[in-house]
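Good morning, colleagues. Please bring up the model on the screen, and I shall go through it region by region.

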Amino acid sequence: YHGTQPGQLGGVLSNLVFQQSITPWQALDTPQITSNAPVCTGGNIQFNVAGNYNSSATYAWTGPNSYTSTIRNPVLLSVTVADSGDYTLVVTDSGCSAPPVTSHITVYPVYSSTNTPVICMGTTYTRPSGIVVNSTGTYIDTLTTVNGCDSIITTNLTVTAPPVSDSYDTICQGQTFTRPSGIGVTAAGDY
């Protein structure tokens, strides 16, 4: 007899039952990025990522100036205008990557300038802040730009004395000499 019994090697495997559990693939949440941008130069940018991810999820950030981070909610410290641009995040969880998302960040400049006006004694100078001054000194005004950032203006004011001139004039007796102030004199002397 040359045959095989069911269930034996080389025979019909009709008596075996295979069970396999299949978990359907579920797409990752697309991350939602928020930040405190725009900010002024010297400020900090705080990114926040919303999405339902496992604690083993990884985060890959890229951005301007070769910026990279693997932290879920990174903070950029003391930013400059050069840090403005697009920041992209890819979240990977359980071997699957969510679609990349991008957040555009703007860093506004802080302006600084120096003025060196010269005025004559007895006159006044109006500083950028609107304050009126009349004495030599260094004055600092901090104004706010339309973007809410500081604009620092340093004024180095110089007050000069009016010019002094000597005048030697001769008049005849009975004549009147009119000084530059408009006052007339008839006698010799230093005025």
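S78 is found in the loop between β6 (75-76) and β7 (85-93), where strands are DSSP runs of E with at least two residues, helices are DSSP runs of H or I with at least four, and both are numbered from the N terminus. This serine has a positive phi of about 45° although it is not a glycine. S78 is exposed, at a relative accessible area of 51%; exposed means over 50%, buried under 20%, and partly exposed in between, with a 1.4 Å probe and protein chains only.

Before I continue, a note on provenance: this is a predicted model, in which local features need pLDDT of at least 70 and side-chain atom pairs count only at pLDDT 80 or more, whereas totals for chains, interfaces and linings use all residues. Residues are numbered from 1 along each chain as its sequence is written, and side-chain values use heavy atoms, with hydrogens and water left out.

For context, most residues other than glycine have a negative phi, and most peptide bonds are trans. The peptide bond from A37 to P38 is cis, with omega near 5°, and P38 lies in the loop between β1 (32-35) and β2 (39-40).

Let me now turn to the chain as a whole. How many helices and strands does the protein chain have? The secondary structure comes to 0 helices and 18 strands. Of the 191 residues, 23% count as buried. Among contacts with a separation of 6 or more, 48% are between residues 24 or more positions apart, a contact being heavy atoms within 4.5 Å.

Next, strand β15. D141 lies in this strand, which covers residues 137-144. Is D141 buried or exposed? It is buried, with a relative accessible area of 3%. Its side chain has a polar contact of 2.7 Å with the side chain of R127, and another of 2.7 Å with the side chain of S129. A polar contact here is a pair of N or O atoms within 3.5 Å; within protein, one must be able to donate a hydrogen and the other to accept it, and residues adjacent in sequence count only if both atoms are side-chain atoms.

D141 and R127 also form a salt bridge, the closest N and O atoms being 2.7 Å apart. The pair links distant parts of the chain, with D141 in strand β15 and R127 in the loop between β13 (125-126) and β14 (132-133), 14 residues apart. The term requires a side-chain nitrogen of Lys or Arg within 4 Å of a carboxyl oxygen of Asp or Glu, and by this rule the count comes to 1 salt bridge. Both D141 and R127 are buried. In general, side chains of opposite charge can pair when their charged atoms come close. Leaving aside neighbours within four places in sequence, the contacts of D141 include P128, S151, I152, I153 and T155.

Y139 is found in strand β15 as well, and at 15% relative accessibility it counts as buried. Its side chain reaches the backbone oxygen of S135 at 2.8 Å. Not counting residues up to four places away in sequence, Y139 touches R127, V133, I153, T154, T155 and L157. Y139 and N156 are 17 residues apart in sequence and 6.5 Å apart in space, C-alpha to C-alpha.

Strand β5 holds S69, which counts as buried at 10% relative accessibility. A polar atom of the S69 side chain lies 3.2 Å from the backbone nitrogen of I71. Beyond four places in sequence, S69 touches Y59, A60, W61 and P74.

Finally, the largest pocket: what space lies in it? The volume is about 570 Å³. Of the 21 residues that line this pocket, the closest to its centre are S167, D169, F177, G189 and Y191. On a 1 Å grid over the protein atoms alone, a pocket is an open set of points where a 1.4 Å probe fits, with protein on both sides within 12 Å along at least five of seven lines, and lining residues have an atom within 4 Å of a point.

Methods:
Points joined across faces, edges and corners; volume = space filled by probe spheres on them.
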